[in-house]
Amino acid sequence: MMAKASLDRRAVVAELLQDRDDLLVVTGLGSPSWDAYAAGDHDLTYYLWAGMGSATTTGLGLALAQPKRPVLVLTGDGEMLMGMGALATAALKAPENLTIVALDNGAFGETGNQASHTAAGVSLAGIARACGFPYTTEIDGMAEVARLRLRVHARTSLAFATIHIGKAEHPKALPPRDGVHVKNRLRAALGLQTI
Amino acid sequence: MAGPAWPDRIYACLEAARVRHVAYVPDAGHARLIELAHADPQMCPTVLTTEEEGIGLLLGAHLGGERGVLLLQSSGVGNCINTLALHASVRFPLLMLVTMRGEWAEFNPWQVPMGQATEKVLQAMGVLTWRADQAEDVEPLVAGAADMAFNGEAACAVLLGQRLIGRKQWVK
């Protein structure tokens, strides 16, 4: 197997979210949410705290409803493994403004770093490719992360990226847990009304 | 052979409610409605690999300002249980139209456990439920459920009974 780099997850996410402008972000539950919050809370970020496996589908619905804005799903290998069918569903709709990033450390980090399927060789990018994603990539270096950020904003096509990160733990940075509040503030930022 | 008229009335309700996203796992009872959604350029139908995907999709659509509906079979309600926590925690319009199996005149006993638990499971997760067993009940129940979902961000399920849908034919 190819040697995998161990990028720092916080540095990766900070790079992806810099100068984010009109970017909409959905985070899968667990560490990707802490990473996104650590990079700076934002009205256009939706943090999921339940429904493991729903990050991709939530991002898909958002991308279909907001085709003029780039949408980034930030999730982990564990969360993505629980919703792999959603890759097939997203591939059929193929919104050009949707990018899914799996921060892959080969472990279930929130529950004690048990090895996940990707540690044994399951390739999430390979699955996305087999589903028909027009662009998939596996990233091991920060320069490629910076290029991916530009691609996200360009809305070139539906894309999936595995970013190989290390297992180093960071202090938890917990985003707000009030789902109604975070929903309403995101909608307000898009000019949408509450009930 | 012309099918029953109630699927067309559901479609009219969805149109009137400005529903754009039609997320579905195919079911014979919903076949006509799925066909109508695909034929309508104003609608965005999405076939799912499993029903709970539709809950995330409708949450995302709502975040982005669009309305949707989830079409599923009663067995698929079982697949949705954990993901229904999204509705309880976020509060967004969640309209579910459930075609029933495992009740009246069911041939396949393996369908019965989930069919009998469907309404209880929905209620246990905070979803409001109504049952339609007669064709004339379908339109008012769906229209009322859509009102409560879209005006009140409620989770609303209309169960379309097996008597309404008819016996599944097991011989071709």
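**View 1. Six strands of chain B form an open sheet.** In this predicted model, the strand order is β2-β1-β3-β4-β6-β5, and the pairing is parallel. Strands (E, at least two residues) and helices (H or I, at least four) are DSSP runs, numbered from the N terminus; two strands pair if DSSP finds at least two bridges between them. β2 (44-47) and β5 (128-132) of chain B each have a single partner strand, so these edge strands are left without a neighbour on one side. From one strand to the next, the twist averages 20 degrees. Angles run from 0 to 180 degrees between N-to-C directions, with axes fitted as lines to C-alpha atoms, for helices over the stretch in contact.

Residues are numbered from 1 along each chain as its sequence is written, and chains are lettered from A and ligands numbered from 1 in the order in which they are written. Local features need pLDDT of at least 70 and side-chain atom pairs count only at pLDDT 80 or more, while totals for chains, interfaces and linings use all residues.

**View 2. β3 and β4 of chain B pair in the parallel sense.** Strand β3(B) covers residues 68-73 and β4(B) residues 94-99, with 4 bridges between them. Opposite Leu71(B) stands Leu97(B), in β4(B).

**View 3. Helix α2 of chain B lies across β1, β2 and β3 of chain B.** The helix spans residues 31-39 and runs at about 130 degrees to β2(B).

**View 4. Chain A touches chain B.** Here 28 residues of chain A are in contact (C-beta atoms, placed from the backbone, within 7 Å) with 30 residues of chain B. On the chain A side, α3(A) gives the most, with 8 residues.

Note on methods. Two residues are in contact if their C-beta atoms, placed from the backbone, lie within 7 Å.
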